[in-house]
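Please look at the sequence and the model shown here.

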Amino acid sequence: MTTSTLLTTPAADSRPVRGSSDGLATEKVVPTTMRAIIQGAYGPAGDVLSLQEVPVPVPGVGEVVVRVHAASIHVGDLVTIEGEPIIARFAFGLRKPRNPVPGTDIAGTVVAVGDTVTQVRIGDEVFGWCTGAFAEYACAAEDHFLPKPANLTFEQAAAVGVSATTALQLLRDRAVFGAEVLINGASGGLGSYAVQIAAAFGAEVTGVCGPGNVETVRSLGARHVIDYTREDFTLGGQRYDFILDNVANHSLARTRGVLTERGVLQSNNGTSGGRWFGTLGTVIKTAAVSKFTRRQAPPSIKFTNRQDLLVLKDLIEDGRVIPLVDRTYPLSQAADALGHVRNGHARGTVVLTIAAPLEVRS
């Protein structure tokens, strides 16, 4: 039996696009153009980003097109937009970014599918990652997306991505049941997930944050909260089995000084430093120190992947992890949103709201 599904959009100019999903032929109507944030050079977000009209992507084999309802911003986006540290341009493009649309983490509705797609259907509400998230439509391989947890808004689902995946990967092999875990920088995008995931793993969590975030961090599951303006955790008598340091406001040796005999410090401060090499010097130092003491974990590069998103989805649906959204901005104010992240005091994740959910008629 053949069915036809129409996803209505407010765009006047549209085109029919055919694809297949679960053996059913489908027809969608999507616009031919969309609004997107375009980056033509490296520099401050307010100087290099503009809102432009560009073609809507068409799915290739194994790909899907998602109408983006929300996209989140993390500190890595600042690196790709500002092009600093400059050494990072070898990965993103030497003179200008290879991909003109920034952003990776999204949530939205599937509106088109390419050949061989079997895991999602037209009209599915999904979350995941892509290239070019700061736009009304985005295209990526079908295995980049999972069904959106029913207990999350699109804004919350978009906030999962890089930050939650990194926190999971950094904690998974360290925060065992009953361990004493300290999260330095517990109220940010990554830190807010780390507190919840560590608690879900059965750890006793201490969170370090500013005075305005103490109650928030406690509500995330931290048994103890330290206001860094009033107390220096490196001078206290408490010892920890694992420290995740997202701030690096103390030396490595001083931070390791509050570890238990078999405790481990995981440094995660790769977003500051010099213009040319950023924290590469710190990364090299951390790698070197880790060769001589097991109490210092080596640097770790993390990537978003489907398997870890499945783990996070289970934790979210069980109510053990809930994304903390700091504030939302419309797509047209992406530069302002990035500026807020640049200030370094976001409580949770900053999210762009891009489109309202589609009406689906069968």
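A polar atom of the Gln296 side chain lies 3.4 Å from the backbone oxygen of Leu265. A polar contact is a pair of N or O atoms within 3.5 Å; within protein, one must be able to donate a hydrogen and the other to accept it, and residues adjacent in sequence count only if both atoms are side-chain atoms. The model is predicted, and local features need pLDDT of at least 70, side-chain atom pairs count only at pLDDT 80 or more, while totals for chains, interfaces and linings use all residues. Residues are numbered from 1 along each chain as its sequence is written, and side-chain values use heavy atoms, with hydrogens and water left out.

Gln296 sits in the loop between helix H9 (280–290) and helix H10 (306–317); helices are DSSP runs (H or I, at least four residues), numbered from the N terminus. Its relative accessibility is 2%, so Gln296 counts as buried (under 20% relative accessible area, with a 1.4 Å probe and protein chains only). The C-alpha atom of Gln296 is 7.5 Å from that of Arg256, although the two residues are 40 apart along the chain.

Helix H2 (residues 75–82) is mostly covered, with six of its eight residues buried. These are Asp77, Leu78, Val79, Thr80, Ile81 and Glu82. Just after H2, Gly83 has a positive phi of about 70 degrees.

H2 packs against helix H11 (residues 334–342) at an angle of about 115 degrees, and their axes are 10 Å apart. Axes are lines fitted to C-alpha atoms, for helices over the stretch in contact, and angles run from 0 to 180 degrees between N-to-C directions. H2 passes H11 in a left-handed crossing, meaning that the near helix is turned anticlockwise from the far one by less than a right angle; clockwise is right-handed. From H2, Val75, Asp77, Leu78, Ile81 and Glu82 meet Leu338, Val341 and Arg342 of H11, where contact means heavy atoms within 4.5 Å. By class, this contact has five nonpolar, no polar and three charged residues.

The other pair is helix H5 (residues 161–171) and helix H6 (residues 189–200), whose axes come within 8 Å and cross at roughly 45 degrees. The crossing of H5 over H6 is right-handed. H5 contributes Ser163, Ala164, Thr166, Ala167, Leu168 and Leu171, and H6 contributes Gly189, Leu190, Tyr193, Ala194, Ile197 and Ala198. This contact has nine nonpolar, three polar and no charged residues.

Technical notes
Helices (H or I, at least four residues) and strands (E, at least two) are DSSP runs, numbered from the N terminus. Ala, Val, Leu, Ile, Met, Phe, Trp, Tyr, Cys and Pro count as nonpolar, Asp, Glu, Lys and Arg as charged, and the others, Gly among them, as polar. Buried means under 20% relative accessible area, exposed over 50%, partly exposed in between (1.4 Å probe, protein chains only).
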